[in-house]
Amino acid sequence: MTRLTITGGAGFIGSNFVRSALNRGYDITVVDAFTYAGNRANLEGLDVEVIEGDVADPDIARRAAQRGDTIVHFAAESHNDNSLKDPSPFVRTNILGTFELLQAALRNDVRFHHISTDEVFGDLEIDEPRKFNEDTAYHPSSPYSATKAGSDHLVNAWIRSFGLAATMSNCSNNYGPRQHVEKFIPRQITNILSGRTPKLYGSGLQVRDWIHVDDHNEAVLDILERGRIGQTYAIGADNDHVNNLQVIELICELMGAPGYEHVADRAGHDQRYAIDSSKIREELGWRPRFTDTETGMRSGLENTIAWYRENEDWWRPVKDHVESAYAQKGQ
């Protein structure tokens, strides 16, 4: 592999992946539709080719496959709240878009790596010792996770039915620089930076296995370089003991904020995610860098807070609109 085509490369995880891949010496083509989640500023100053378009368009998918020897498929609609309001973009991008890219990869003899989520497995009870792994049965609970589950099944079918050279990864919740301010962690950070009170859904007892975006992307690069074709790898940072209440309290502590307020909970809010990432750790030697003995998140949150503090011109133009939308829902 020398040239990667990265779909969704102007989004949060994708644009950070572009930087990680450039650091490893890859040539990069980015394919992005530049919807609200795809930010052109995320690619400023980077030596990459950009194709603007929707991956569900067969012509865009064909061009994506012809520009590299590997497609890394990040492009997805991913905000759960939006999927509850209107599922149709999630079906188009996550299912139809993946289908078109798989067909294009097969026709052009291109390797494919599919980025997925632990949310396809549903959720766990708060005190349940079980964790998700590569063999966990799918049980999605939202239009977002259901469409991601559908795309996962397509990838596995193309591997088995057509011999596509592909790998897949299911990762836990990411946080870090360049994440849209509608998401939980950057929303609280930018609330504090803009003089607002941080907001906590419901009781805040929901648990997520938070992972810094750079740790996730290093895992994906390790899979591309050393992973076994046809395999799926679960990626997590062993932060499955940390609930949202602890996260917001740590953010307030690190930023000197006096406190937060509880708001209406999300409909159908999953309770707990936990990833068993022993396969990628044992096979490929991957380990997360942003971890510590307290919550597993202090160093990663310090890194993330610093980025939002230093890049206000990136997030301030959309902040008022996001908070207005949340206020209409009592959140």
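The model is predicted, so read it with its cut-offs: local features need pLDDT of at least 70, side-chain atom pairs count only at pLDDT 80 or more, and totals for chains, interfaces and linings use all residues. Residues are numbered from 1 along each chain as its sequence is written, and side-chain values use heavy atoms, with hydrogens and water left out.

**Stop 1: the second largest pocket**

Select N82, K85, E182, A325 and K329. Of the 23 residues lining the second largest pocket, these lie nearest its centre. The pocket has a volume of about 580 Å³. A pocket here is an open set of points on a 1 Å grid over the protein atoms alone, where a 1.4 Å probe fits, with protein on both sides within 12 Å along at least five of seven lines; lining residues have an atom within 4 Å of a point. The volume is the space filled by probe spheres set on the points.

Now colour by element. α3 (80-85), α4 (88-107) and α11 (312-328) each give two or more residues to this lining. Helices are DSSP runs of H or I with at least four residues, strands are runs of E with at least two, and both are numbered from the N terminus. Which helix gives the largest share of the lining? α11 does, with six residues.

Colour by residue class next. The lining divides into nine nonpolar, seven polar and seven charged residues. Nonpolar covers Ala, Val, Leu, Ile, Met, Phe, Trp, Tyr, Cys and Pro; charged covers Asp, Glu, Lys and Arg; the others, Gly among them, are polar. Domain 1 (3-174 + 210-235) and domain 2 (179-208 + 239-326) each supply at least three lining residues. Those bounds come from an automatic or database domain assignment.

**Stop 2: salt bridges**

The structure holds 21 salt bridges. The criterion is a side-chain nitrogen of Lys or Arg within 4 Å of a carboxyl oxygen of Asp or Glu.

Start with E128 and R130. Their closest N and O atoms are 2.8 Å apart. R130 is partly exposed, at 41% relative accessibility. The scale runs from buried (under 20% relative accessible area) to exposed (over 50%), with partly exposed in between, using a 1.4 Å probe and protein chains only.

Move to E261 and K199. This salt bridge has its closest N and O atoms 3.5 Å apart. E261 sits in strand β11 (residues 261-263) and K199 in strand β8 (residues 199-201), so the pair ties together parts 62 residues apart in sequence. E261 is partly exposed at 34%, while K199 is buried at 15%.

Then pick D238 and R281. Here too a salt bridge forms, with the closest N and O atoms 3.5 Å apart. D238 is in the loop between β10 (232-235) and α8 (244-255), and R281 is in helix α9 (residues 278-284), 43 residues away. D238 is partly exposed at 36%. R281 is buried at 15%.

Finish with a group selection: R24, E218, D222, E225 and R226. Salt bridges link these residues in a network.

**Stop 3: aromatic rings**

Show Phe, Tyr and Trp side chains. Twelve aromatic pairs turn up across the whole structure. Rings (for Trp, the six-membered one) pair if their centres lie within 6.5 Å; planes under 30 degrees apart are stacked, over 60 edge-to-face, and the rest tilted.

Zoom to F184 and W210. The pair is stacked, at 6.2 Å centre to centre with 25° between the planes. F184 belongs to helix α6, W210 to the loop between β8 and β9 (211-212), and they are 26 residues apart. Both F184 and W210 are buried.

Next, W307 and W314. Their ring centres are 5.2 Å apart and their planes at 80°, so this pair is edge-to-face. W307 and W314 are both buried.

Then select F121, F132, Y138 and Y273, which form one aromatic cluster.

**Stop 4: backbone angles**

Most residues other than glycine have a negative phi. Where does D109 lie? It is in the loop between α4 and β5 (111-117). D109 has a positive phi, near 55°, and is exposed at 73%. R178 also has a positive phi, about 70°. Find R178 in the loop between β7 (174-175) and α6 (184-193). R178 is buried at 15%.

D59 is in helix α2 (residues 58-66) and is partly exposed at 36%.
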